[in-house]
There are 4 protein chains.
Amino acid sequence: MKVEKDRLNQLKRDAIQGFIKYIGMKAVSMSPGKFTTRLKLEKRHLQQDGFAHAGLVAAMADHTAGYASFSLVPADRRILTMEYKISYFRPAAGDYLECRGHVIKSGRQVLFTEADVYSVKGGEKTLVARAMHTMTAVPVDKMPKA
Amino acid sequence: MKVEKDRLNQLKRDAIQGFIKYIGMKAVSMSPGKFTTRLKLEKRHLQQDGFAHAGLVAAMADHTAGYASFSLVPADRRILTMEYKISYFRPAAGDYLECRGHVIKSGRQVLFTEADVYSVKGGEKTLVARAMHTMTAVPVDKMPKA
Amino acid sequence: MKVEKDRLNQLKRDAIQGFIKYIGMKAVSMSPGKFTTRLKLEKRHLQQDGFAHAGLVAAMADHTAGYASFSLVPADRRILTMEYKISYFRPAAGDYLECRGHVIKSGRQVLFTEADVYSVKGGEKTLVARAMHTMTAVPVDKMPKA
Amino acid sequence: MKVEKDRLNQLKRDAIQGFIKYIGMKAVSMSPGKFTTRLKLEKRHLQQDGFAHAGLVAAMADHTAGYASFSLVPADRRILTMEYKISYFRPAAGDYLECRGHVIKSGRQVLFTEADVYSVKGGEKTLVARAMHTMTAVPVDKMPKA
């Protein structure tokens, strides 16, 4: 599927707003079906033992996979997460987190995605979590009201 | 299992720190194997369509189930999330979110938990998501270093 | 939603065919959004340590939740499993397995379901696994070809 | 980790017994942390619409990932499935199914695995499902009794 460069740039900007902006995520790069994000780890991101909170790691995976999905659907569709599973291979700590999301299987209404989260410390990158999501693409005029 | 009241009070206080405090979660009540939390929905919690971000909902479920687990393990053990799955029955909006977590099956090293997240608007409560987690209880002296 | 008794009886019969018949599952009872099944444990169902194979337990949960979903959709729709997660609380053994599936949230195209699997030995029933599924209801004329 | 060739050959043989033999799975190849299996699709494997039953696909993924795990643990440990999630990208049909399982992260007590299931028809291979599991390695003398 051909995706306009303008559309990708707009999505990359739109990706960072609301909760995602609040927690400090940054967009790194977007291509059709793929999105990469980063988050500089600060004290406000940690849980009781000094690791990045599992909820933060999952939010990053969810959002990165969500906008990877956005890049493959028409502009009049919105993406909502139906469900996901995330496995934590090890507790996350370091300078920042990096997340790479991609669409595994794209359909008109349903997209299956995957996202890997890495912790980066002094240039060393370690895979800390992997998530698999089911996303749904909803026409704007059928979106529920907030 | 008998759990000291002091221990529960301490856990209820400890639960709200770091990332969880930053996003605005509050502890409501804790009993052995159960924990209830709340979060007043504000603009900083929303995603691009005005709903509570799926990542926020999941963080709430994860943390609430995590401290429900803490309440059943000895004081020299820490809880880490190994994995979870969350299903979103509908987008979440309203005045606040409420989460109820409980332990389904408790073991020495592994605890299976569940957490339901409700949106509350004008007194009406709606189930918006359910999560199932696998938690691990790690002796303090075997915890990885952050 | 009112479901005809004839429709439920027909679904209950249809439920036991192909792979499901081959592995020995039996229909116990069906009501709108709910289905209960049983399977007498035999040697052919076991894994290398003498427990019911995890794959058998999951097949039972999947199929039981699938037909619980069938009971809530129009007769011109078919049910396909999009995804599920299953947690095994303990290895399963005993005289037979019982599975109770129900629909948590029913939509026109997507249904969220849950299924609990119990092992039964000498009248004692033990919860061995719980699964959460996302089912999709596909109009007959849009079904992919086998 | 060095794994003896004899051990791998023995595991490859042991893999096909009980339920797995009954449903017709065959071992193709095993190397440390990896296992590949196949299953010739027959009428007894199908669900109501003529596709391979989702439960069959999941059993294949679970077992293949389980024995991939076996290949990385000492001979006095047994593998049990704690939980998994499986996503079905499309209904499965064709001449046979092939499953490739591998260990993503190996620990002393917990192993995270992934398994891809392909349908093969006339030489064309299509990815139909992906599963992520959490396996536990239990010392023989601590195994529960069947």
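Colleague: Let's start with a pairing: which residue in β3(B) is the bridge partner of Tyr84(A)?

Modeller: That partner is Ile86(B). This is a predicted model in which local features need pLDDT of at least 70, side-chain atom pairs count only at pLDDT 80 or more, and totals for chains, interfaces and linings use all residues. Residues are numbered from 1 along each chain as its sequence is written, chains are lettered from A and ligands numbered from 1 in the order in which they are written, and side-chain values use heavy atoms, with hydrogens and water left out.

Colleague: What makes β3 of chain A and β3(B) a pair of strands?

Modeller: Two strands pair if DSSP finds at least two bridges between them. Five bridges join β3 (residues 77–88) of chain A to β3(B), so the two strands pair. They run antiparallel. Strands here are DSSP runs of E, at least two residues, and helices are runs of H or I, at least four, numbered from the N terminus.

Colleague: Why is the meeting of Glu83(A) and Lys85(B) called a salt bridge?

Modeller: The term asks for a side-chain nitrogen of Lys or Arg within 4 Å of a carboxyl oxygen of Asp or Glu. Here the N to O distance is 2.7 Å, so the pair qualifies. The rule finds four salt bridges across the interface of chain B and chain A.

Colleague: Which elements of chain B supply at least two residues each to the side that touches chain A?

Modeller: They are α2 (18–23), α3 (54–70) and β3 (77–88). The largest share, 11 residues, comes from β3(B).

Colleague: How do you know how much area chain B and chain A bury?

Modeller: Buried area is the accessible area (1.4 Å probe) that two parts lose on being put together, summed over both. For chain B and chain A that comes to about 3,400 Å², 60% of it on carbon and sulfur atoms. In chain B, Phe19(B), Tyr22(B) and Gln48(B) lose the most area to chain A, together 21% of what that side buries.

Colleague: What makes the link between Arg78(C) and Asp49(D) a polar contact?

Modeller: A polar contact is a pair of N or O atoms within 3.5 Å; within protein, one must be able to donate a hydrogen and the other to accept it, and residues adjacent in sequence count only if both atoms are side-chain atoms. The two side chains make theirs at 2.7 Å, so the distance is within the cut-off. Arg78(C) itself is found in strand β3 (residues 77–88) of chain C.
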